[in-house]
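Work through the exercises below with the model in view. Each task is followed by its solution.

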Amino acid sequence: MATLLTLGFIATLTGTTRYPDVDEQLSVMHKRISELESTAQYAAAVELAERFVELNAQRDPPSKWWKTSDAKRRLTLLRGFAKLSRDVQVEIAESGKLTAQWRQASRDGEYHRAVELAREQYSIRNRLLGDRHGHTVVSLHILANSLQRAGQLAESELLGRRAVVLQGEVRGRSHPGTLASRQNLALLRHDRGETEVAAREFAEVVVESREGLGPAHPVTLVSTNNYCLALLDLDALDDAATLLENLLPLCIEQGGEESIYTLTTRDNLGLVRHARGQLAEAETMFRHNVESSVALHGANHPYTVTKMEHLARCLRDRAQLDSAESLANDAHRRATASLGADHPQTIRTGRLHAEILYASGNHRAAEKQLRVLAKRFDTARRVVTHRDLERSHFDALNSPHPLLAACLARRGDAMGAWVHLEASFARGLRDEVERRQARPLLPAERVEMLKVMSELDRVEKRLRQLRSTPESESRSEAIATTQADRQTLLARAVALDAQLASRYDGAHAGSASIAQIAATLSKGTALVAWLSLPAAITASGGSSGGEHWAFILLPDGSAHTIALAGSGPSGRWTEEDAQALDDLRTSLRRTDGTSVRGVGLTRKPRSDLSSTLASFNLTARTVSNHFLVPVTKLLAAAGIETIVAVPSGALATIPIECLDDELTVSYVPSGSLYAWLAGRKPATTKGLLAVGDPVALPISPGQRSSLGALPFSRGEIQAIATLNKDSSTILVGERATEPEIARLARTGMLARYRYIHFATHAVVDEVEPLRSALLLSAAPDNDPISRVAAGQEYFDEWLTAREIRQSWKLNAELVTLSACQTGVGSGAGLLSFSEALLTAGARRLVVSQWRVDDRATAFLMHRFYDNLTTRSLEAPEALREARRWLRTLTNTEVAERTAEFTGQAVGPVPADKHPFSHPYYWAGFVLIGR
């Protein structure tokens, strides 16, 4: 875990600054004004503050703008206080004294005590002065910051977003206090596991603080350090190292060799060394940092505990397991004492200790530790955010359940192992689906939520459009105004989430029992999942390729676990085994051919894929022997022919069909969600909505460009429509617009379709999966620039996953996204479009795992729908048959179908007997749901 700083914490640890000449006089006066304030001597404070403003204005060179403006603002506040009654003056002065107590509690690492003090101060000032008063706004920032350090991230975000808005209104967007609040919000998202988003927000603060405050200002130093940590988590080691090495001299200049700034930067450089495998150097740096932190903060301070974590991980990776275990145990004990058993940092240190115990072969002790953490984990995850889906990031980073499942599997408790593995799967997604479907919002709540999110979408679209226009003063002002509007809407959205959570949180049923999941499995169907542990936990036992398990749940309720063997001695996993997995993933995601349904792709000759088929099959056979053959042997003995797979472990991004095309496979984010879907009534809807062949595609929102045409998508839509016996709505070409889709959603028409099919380009946002988009045609009367200038609503031709999630209400049996990477996402079960469509009410989805070929996709989809409608096959079998059919097509058959779809005779590449035999063409689409 990275060393993370908040500006409030920095303020409690920073010493006085040396003031030369006039600065010294200003410092003395500033201190005296504070003393007068603390004793409610406001008249005298006003007199001195007036002299302070005059002297500050005469300073040469002039003081930084925020010091000048703050001095004037302080004078105005003091004049206001001087007019209040004596009783109110005294109460305000007393509230000011709480700041020193808060600072001391924070300095001592007593974060929960700091929250109490900050809450008391904010309550007094809010009651006496109102929520928009400068003193109240500062107290709000302090309270949000204190809650963040105490691990109460959900409440911290609620107050922190309001603090950003009010700081911007009262003090200005570029004021140090406003920037501090913004960087703390970015830090909160990082703590929650939203690393990519946090990195982007850190970068924005770094740029603004460096330009406005200077490279050595505390806000700049802290935000740059935290930005580097986000880069580390994203494996951008060179960028992080360069920034930190340039930052170190500034930190020394600001506070000295042993200051909080210097210590933090050196600790982060140690993390760079560790990530690069320079373990001896990293250990030396970490040991020095632990000693310095103990001297600076004390051994029990949470900041010191973080340093101990870093050293313990380094020792573990150097195979010094006894020392690592002792240190990790000490860190966990100290975190529990200072922060409480439910604090996220306590959970994290406890899991680290359990990992080291596991690596040492002390599996019983690891299990005991993990059982305790598992009981605490639900409480911890509920306080990180009010939003179910965002908890998935936190779950992926901190959940003790997967390792506990491995411990139980080791001692033969297959049922217990399944319980904990299931608890780690897509919990946030399952909670979100249940909340929206089984516990829908009240009408007024739904209206308010849609209003806020629609306004937020419009603001973000406006912001993207403004950023694409030429540089100008008016553009900069418009961007600043729009950013302020966005912060206000985000604050409203978080407040609404908090309000709804007060009604719904804790009302979820949680993970379904294993017996309940098994009861929903039909005869001949098994639920299968995989669990992979990294080499860091297993390398000490000789397994440099990690450790892997398979989990099987049969319809009779019996649970099974299989310890999968690698190719090394005694079945250990080797680096070569891990490389085979990487090679297989790379082969499947290669871009081929003339037209693919994605953005920014390069052209490769088809022969490039055909020539590698033999190599691919060899690698696939190796992976299958390790991961699938042991499973299929058990399934065959039980008479199982159909697999419901949870994408997990080493096979999370590899379609099982690539390893064994004899199996009928569908996918679910979790067994609990599968059971929940099984309980839904069958769809009674009819008809088809088919959208495709868009024109004037935007390569970025509002920016039209000549993306590659999809000549087969129109034929795909028309061929599917002819198979549908009920009424069809066909939107192709210029009719395939975002306003038309929005109209169908707004009027409730989308809920009338049994099948919904999109055949278009897609763009995947790996930073924020819900911003992934299907690209549609430009509406003829939708000029983004003029509409933005007029403040009107407009559509940017990007139909995002978030727009689907917030405004669609479906009753569809099947939604198919016949485009590139529509099943890709991040986090535990967070699958961008998949998540959005499941929460909107879809029962089954067909989505893609990589960038797909236009022609092969059109043929596959036509065959798939033909199997569904004409042959009346169930969806898993219909897709399986379509894949096998596509891969066996000959050159002649491909030429004939090409002519049918396009009206033109286009010959295939002569060298290939079966041009679509490579799994790249036929294995990319998977079925999600029941």
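**Exercise 1.** Determine how helix 15 and helix 17 are oriented to each other.

Solution. Helix 15 (302–317) and helix 17 (residues 344–359) pack at an angle of about 20°, with axes 11 Å apart. Helices here are DSSP runs (H or I, at least four residues), numbered from the N terminus. Axes are lines fitted to C-alpha atoms over the stretch in contact, and angles run from 0 to 180 degrees between N-to-C directions. Angles under 35 degrees count as roughly parallel, so helix 15 and helix 17 are roughly parallel to each other.

The model is predicted: local features need pLDDT of at least 70, side-chain atom pairs count only at pLDDT 80 or more, and totals for chains, interfaces and linings use all residues. Residues are numbered from 1 along each chain as its sequence is written, and side-chain values use heavy atoms, with hydrogens and water left out.

**Exercise 2.** Decide whether asparagine 300 is buried or exposed, or in between, and find what it touches.

Solution. Asparagine 300 sits in the loop between helix 14 (279–297) and helix 15. Its relative accessibility is 45%, so asparagine 300 counts as partly exposed (buried is under 20% relative accessible area, exposed over 50%, partly exposed in between; 1.4 Å probe, protein chains only). Leaving aside residues up to four places away in sequence, asparagine 300 touches Arg334 and Ser338, where contact means heavy atoms within 4.5 Å.

**Exercise 3.** Classify histidine 548 by its accessibility.

Solution. Histidine 548 belongs to strand 2 (residues 547–553), a strand being a DSSP run of E, at least two residues. At 7% relative accessibility, histidine 548 is buried.

Notes. Angles under 35 degrees count as roughly parallel, over 145 as roughly antiparallel, 65 to 115 as roughly perpendicular and the rest as oblique.
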